[in-house]
Amino acid sequence: MKKDVLVRVKGTQTNDLGETDTIELITEGRFFIRDQHYYILYNETSLSGMEGTTTALKVEPQRVTLNRMGTAEQKTTFEAGILNAFFYVTPYGTMKIAVLPSKVQVDLTERGGSINLEYELQVDQEKISDNQLEITVEYLENYA
């Protein structure tokens, strides 16, 4: 059964100069379990720069697959130590990007929880930044 949830997504990017940029998105989403995997769905907003895009996360104990569909499209798999290259499609063009995760920590139950990802972002096989992505899921009924 799908549940309405509050999804918090906090992304932090640190470039080679040590400059850090953080963005946080808080939105409503859906959370469910299928075939013993957790799924999180939410709509991106103008804050993330991807308004009109739906993000779906498939969460397994050691692997997280992010799939964006809409005005921006990408499919990325985060699995510690495994380089994953993908095409990031936007209305302005397409880029080939890769991520090399160093940490994939999943702490989810049927009541919600969190995902913590740490990864290196690469373009043309060159490191662009170190990134952290923290995603938390809470049932909306906790706020009633």
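Q: What order do the elements of the protein chain run in from the N terminus on?
A: They go β-β-β-β-β-β-β-β-β-β. The protein chain has 0 helices and 10 strands; helices (H or I, at least four residues) and strands (E, at least two) are DSSP runs numbered from the N terminus. This is a predicted model, where local features need pLDDT of at least 70, side-chain atom pairs count only at pLDDT 80 or more, and totals for chains, interfaces and linings use all residues. Residues are numbered from 1 along each chain as its sequence is written, and side-chain values use heavy atoms, leaving out hydrogens and water.

Q: OK, and how much of the protein chain is buried?
A: Buried residues are 38% of the 144 residues, with buried meaning under 20% relative accessible area (1.4 Å probe, protein chains only).

Q: What box do the C-alpha atoms fill?
A: Roughly 45 × 30 × 30 Å, taken along the principal axes.

Q: New topic: what's the volume of the largest pocket?
A: About 960 Å³. A pocket here is an open set of points on a 1 Å grid where a 1.4 Å probe fits, with protein on both sides within 12 Å along at least five of seven lines, and lining residues have an atom within 4 Å of a point.

Terms used
Grid points are joined across faces, edges and corners, and a volume is the space filled by probe spheres set on the points. Buried means under 20% relative accessible area, exposed over 50%, partly exposed in between (1.4 Å probe, protein chains only).
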